[in-house]
Amino acid sequence: MTRIDVIQHLPSLQVVIPLLGAVLTAFLRRGTLAWGLAAVVTWLMPVIAGALLLQVLQDGPISYHLGGWPPPWGIEYRVDVLSAFVLLLVSAVSAVMMPFARRSVAFEIEGDKQAWFYTMYLLCLTGLLGITITGDAFNAFVFLEISSLSTYVLIAMGRDRRALLASYQYLIMGTIGATFYVIGIGLLYLVTGSLNMVDIASRLGSASVEQFQPIVVALAFLTVGISLKLALFPLHVWLPNAYAYAPSFATAFLAATATKVAVYLFLRIFFSIFGVAISLDALRVFDVLLALSLSAMFLASILAVYEQNLKRMLAYSSVAQIGYITFGLSLANQNGLTGSIVHLFNHAVIKGALFLVLGAVVYRAGSVKLADLGGIGRKMPLTFAAFVVAGLGLIGTPGTAGFISKWYLALGALDKGQWPLVFLIVASSLVALIYIGRVVEVAYFHPTSEAAEKASDPPLNMLLPILALAAATIYFGFFTELSAGAASKAAQALIGGLK
Amino acid sequence: MMISYPPEILVLAAVLIPFIGALLIPVFHRAPNLREAVTLATAGALFLTVLGLLDPVLAGARPEAMNIVVVPGLALAFKVEPLGMLFALVASALWIVNSIYSIGYMRGNDEPRQTSYYVCFAVALGCTIGIAFAKNLFTLFLFYEGLTLSTYPLVTHKATPDAIRGGRIYLLLLLGTSLVLLLPAIVITWELAGTIDFTPGGILEGKASGAVIGLLLALYAFGIGKAALMPLHFWLPAAMVAPTPVSALLHAVAVVKAGVFTIVKVVVYVFGLDTLRGSDQSAWLIYVAGATVVLASLVALRQDNLKKLLAYSTVSQLSYVVLAAAILAPISLIGAALHIAAHAVSKITLFFAAGSIYTAAHKTEISEMKGIGRRMPWTMGAFAIGALSMIGLPPTAGFLGKWFMLTGAMQTSQWFAVGVIVLSTVLNASYFLPIVVTAFLREPDDNPHGKHGEAPWPIVLALTATAIGTLALFWLPDVPLALAKSMLER
């Protein structure tokens with residue numbers, strides 16, 4: 001096999017390697033060994049994704065025909081700027097987090113189950129990368145299920161027995177979501193006779209008026225189905241418990257990647273399928289989305305303020321931040337969409353850092369209840385320095401990645417002539433200031449608690465990923481070619497296709 | 001020596017030096033003498049660097065440095081203009097004095113966590129220079145938030161419930177106003193003007209209707225919470241729980257001056273005097289600022305706690321600057337610039353004196369200070385000079401700014417502003433003079449704390465130096481005056 005061939009097959013390798021890795025890991029018994037394999041696989045992923053992104057930026061979208069069957073009959077893997085961007089995001093954040101996993105997983109999960117954990121992790125990664133890379137709507141459903149099923153297991157592996165309940169809750173909601181999605185795809189198939197996204201879009205364009213009703217119903221089913229997966233308010237109820245009771249590494253991984261990929265699917269459905277074919281403005285779907293996004297930004301943030309368990313607090317914060325992302329999406333203009341996509345990226349980095357910090361706190365102090373963490377910032381200085389930095393990113397102070405997101409979102413709102421929205425964006429970040437500030441106060445200025453007394457910064461292989469993500473929060477506040485630059489190109493492509 | 005460096009390098013150096021100092025200070029955590037030497041060396045180096053920029057700027061140069069484009073429209077960039085030059089000069093000079101004072105105060109009072117104290121201080125100064133030299137609103141905003149964040153640990157330094165609560169108000173109010181009002185103002189400015197660079201003459205001329213200009217002005221005036229315009233002033237009294245050197249430099253010089261500096265800068269370089277005058281939308285600011293001047297003085301009148309009194313006096317004095325800017329007469333803006341410098345040296349003297357009394361006699365209430373001037377003649381002598389400057393009497397610095405403001409108000413027939421300045425002068429006199437009288441002329445009560453003399457020598461040295469500065473600025477106002485005048489050149 002020549003070198004050229006490998007490069008040609010990069011799209012399939014992006015999915016096949018983690019899938020094979022998952023199978024191999026299942027045969028291993030020792031946790032450390034399984035971690036090693038999972039790590040090697042994970043570290044390969046950003047290399048492939050990076051190569052794909054470069055290729056796409058140079059030569060335009062890649063269409064890869066799986067097994068040589070041409071679309072629309074065969075499955076097409078389609079890599080454009082948006083999908084390459086999300087691929088790189090998911091794989092790079094996972095790769096940075098990977099060193100953290102070894103000790104954290106060894107600490108939180110029983111010895112004989114650790115290899116299974118990594119199997120499920122790799123399966124989940126496979127599913128997420130698959131959803132992002134595929135150009136086939138039904139294939140996306142398959143990957144959606146792969147990632148969901150493995151996520152249920154990952155959550156159920158949490159130490160706390162409530163993890164089982166949380167997993168079950170997510171299983172029910174996730175299944176409903178998947179069902180809605182597949183019903184939506186079925187309706188589209190009924191109307192167009194195709195499952196390939198590009199093909200569906202072009203066939204929808206010629207759909208007659210009497211076919212319009214099923215199309216609207218399909219859009220409704222898809223919207224609700226995916227909203228469940230991305231935890232759009234008020235379909236978010238599964239998320240706080242799932243994040244709170246899952247193993248720390250799983251929480252960090254899922255928070256940084258899973259909801260992001262669901263948002264990606266949202267963007268695809270709205271902008272690459274429906275938006276190309278019909279005028280979305282007439283359906284007022286964006287108005288509904290805007291209202292829900294604003295509710296998420298405020299209500300979930302306020303819930304976070306009153307939460308005593310820090311993992312749940314950050315989970316509610318995630319719901320709020322997803323609100324920002326869908327907010328930008330609902331503006332459906334260049335700046336708004338750029339803000340939405342760049343916030344996918346920025347929030348993955350920021351929330352990844354924050355959840356890893358909590359993982360380190362579990363590892364050292366054994367609790368993430370606010371009352372147990374008095375003075376812990378003094379005992380874990382580097383870890384909490386990272387928490388403060390990432391927290392500032394969440395609030396969106398200038399000099400952090402979060403500010404860039406907000407800047408674009410605010411411009412998007414102004415471009416739409418909706419200047420009151422600008423004030424809503426900044427007002428909700430004020431709520432973030434309150435819930436982050438509350439933690440900072442307890443961690444730095446309260447008397448040292450019993451749990452914090454024996455705590456210290458975690459070992460290097462846990463600390464470095466935390467510091468790297470915190471540093472990235474600042475880096476992407478100043479140097480945005482990779483984040484906002486790519487996001488702006490992706491947004492341009494999506495907007496350009498709109499009818 | 002320094003002048004031989006190209007100004008561009010000096011600009012960059014001025015911004016970086018405090019941050020480098022902040023990195024070096026913790027290295028000497030275990031050797032307090034060396035650690036303090038690093039602070040002093042950093043402060044000295046900063047002052048010399050800023051001083052090196054003075055001649056080029058007076059000669060008309062506007063040196064620039066760094067230009068990191070974050071996203072289209074947002075760039076991290078520096079450019080020195082006269083007002084920023086004046087602000088940086090005052091802040092860096094007073095940092096040296098304040099560092100000497102800090103050493104005496106922190107050691108004299110056995111304060112904990114001194115290393116992190118000096119680190120935060122250096123970062124705060126770095127942010128102040130960043131604000132002074134910012135080329136555009138984004139850079140200014142970045143360092144503005146940095147200043148709030150780096151001073152928050154200083155406000156909560158004592159970690160008592162009071163300090164934590166003070167810190168909470170401080171952070172929520174300053175970050176809150178800037179995020180909710182200032183940031184949208186910047187976004188809207190960018191959307192209207194297509195630039196957020198500070199430009200002589202402003203960038204909004206003909207870009208927006210009168211109503212939008214009025215709304216923007218309100219967003220800026222209240223979004224810049226550090227200017228402590230009522231009703232958003234109460235973070236300043238709350239911040240008085242900080243150690244006195246923090247109150248002295250940060251809450252009398254760096255933080256609050258960053259606030260009024262930003263307001264003057266926005267009025268001159270973003271709106272432009274002509275645009276604001278033409279829009280007819282700025283009159284309300286005169287009333288709000290005027291009301292703040294008078295009301296804050298009335299509150300100060302009723303304070304017995306010296307630091308609280310000084311805080312309210314600061315609120316009142318800050319609004320002079322805003323008032324002067326709102327009058328929109330060129331001469332009143334010169335007054336605003338001068339008052340930034342004058343109030344800085346005088347108010348720091350007063351805070352130094354308050355801290356000196358606390359260190360030597362452990363007294364915080366004015367009613368306990370009867371006859372204290374006899375035991376602490378240097379401290380109270382300096383206090384008297386500072387007080388005269390607050391009232392605005394010659395031969396002190398405070399006279400200059402007030403004189404220009406008053407002239408500007410009369411020239412433009414702003415009789416409300418004239419009334420405010422006159423009334424507040426009377427009020428200032430009626431709460432500062434009794435303190436001086438109490439200290440020197442009243443018989444002391446029986447002193448339960450035993451005998452005490454002056455505070456440690458670094459404290460006395462520092463407050464004497466700033467008192468001399470307060471007098472010197474009156475006799476030698478050439479440099480600040482020249483800078484203030486060239487601020488208004490197009």
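Helices (H or I, at least four residues) and strands (E, at least two) are here DSSP runs, numbered from the N terminus. On that basis, chain A of this predicted model has 21 helices and two strands. Chain A is in contact with chain B through 22 residues of its own and 24 residues of chain B. The points below cover the fold of chain A, its strand pair, the corresponding topic in chain B, and the contact between the chains.

**Overall form of chain A**
- A compact globule of 499 residues would have a radius of gyration near 23 Å, and the 21 Å of chain A agrees with that value.
- Along the principal axes, the C-alpha atoms of chain A fill a box of roughly 70 × 55 × 40 Å.
- Buried residues make up 63% of the 499 residues of chain A.
- Among contacts in chain A with a separation of 6 or more, 80% are between residues 24 or more positions apart.

**Helix H5 of chain A**
- Helix H5 of chain A comprises 20 residues, 114-133.
- From first C-alpha to last, H5(A) reaches 29 Å, close to the 28 Å expected at 1.5 Å a residue.
- A residue counts as buried if 20 or more other C-beta atoms lie within 10 Å of its own. Because 19 of its 20 residues are buried, H5(A) is largely enclosed by the rest of the structure.

**Strand pair of chain A**
- Strand E1 (residues 62-65) and strand E2 of chain A run antiparallel and are joined by four bridges.
- Within this pair, A:Ser63 stands opposite A:Arg78 of E2(A).
- In a regular strand the side chains alternate between the two faces of the sheet.
- Strand E2 (residues 76-79) of chain A is covered on both faces, with A:Glu76 and A:Arg78 buried on one side and A:Tyr77 and A:Val79 buried on the other.

**Strand pair of chain B**
- Six bridges pair E1(B) with E2(B) in the antiparallel sense.
- One of the paired positions links B:Glu64 with B:Lys79 in E2(B).
- The two strands, E1(B) and E2(B), form a hairpin with two residues between them.
- In the turn of this hairpin, B:Gly73 has a positive phi of about 100°.

**Contact between chains A and B**
- The contact takes 24 residues from chain B and 22 residues from chain A.
- On the side of chain B that touches chain A, the elements giving two or more residues are strand E1 (64-71), strand E2 (74-79), helix H5 (137-155) and helix H6 (161-193) of chain B.
- H6(B) supplies the largest share of that side, 13 residues.
- By class, the side of chain B that touches chain A has 19 nonpolar, two polar and three charged residues.

Terms used: Residues numbered from 1 in each chain as written. Chains lettered and ligands numbered in written order. Contact = placed C-beta atoms within 7 Å. Nonpolar A, V, L, I, M, F, W, Y, C, P; charged D, E, K, R; others polar. Rg over C-alpha atoms; globule rule 2.2 N^0.38 Å. Buried ≥ 20, exposed ≤ 12 C-beta atoms within 10 Å, placed from the backbone. Expected span 1.5 Å × (residues − 1). Pairing = 2+ DSSP bridges.
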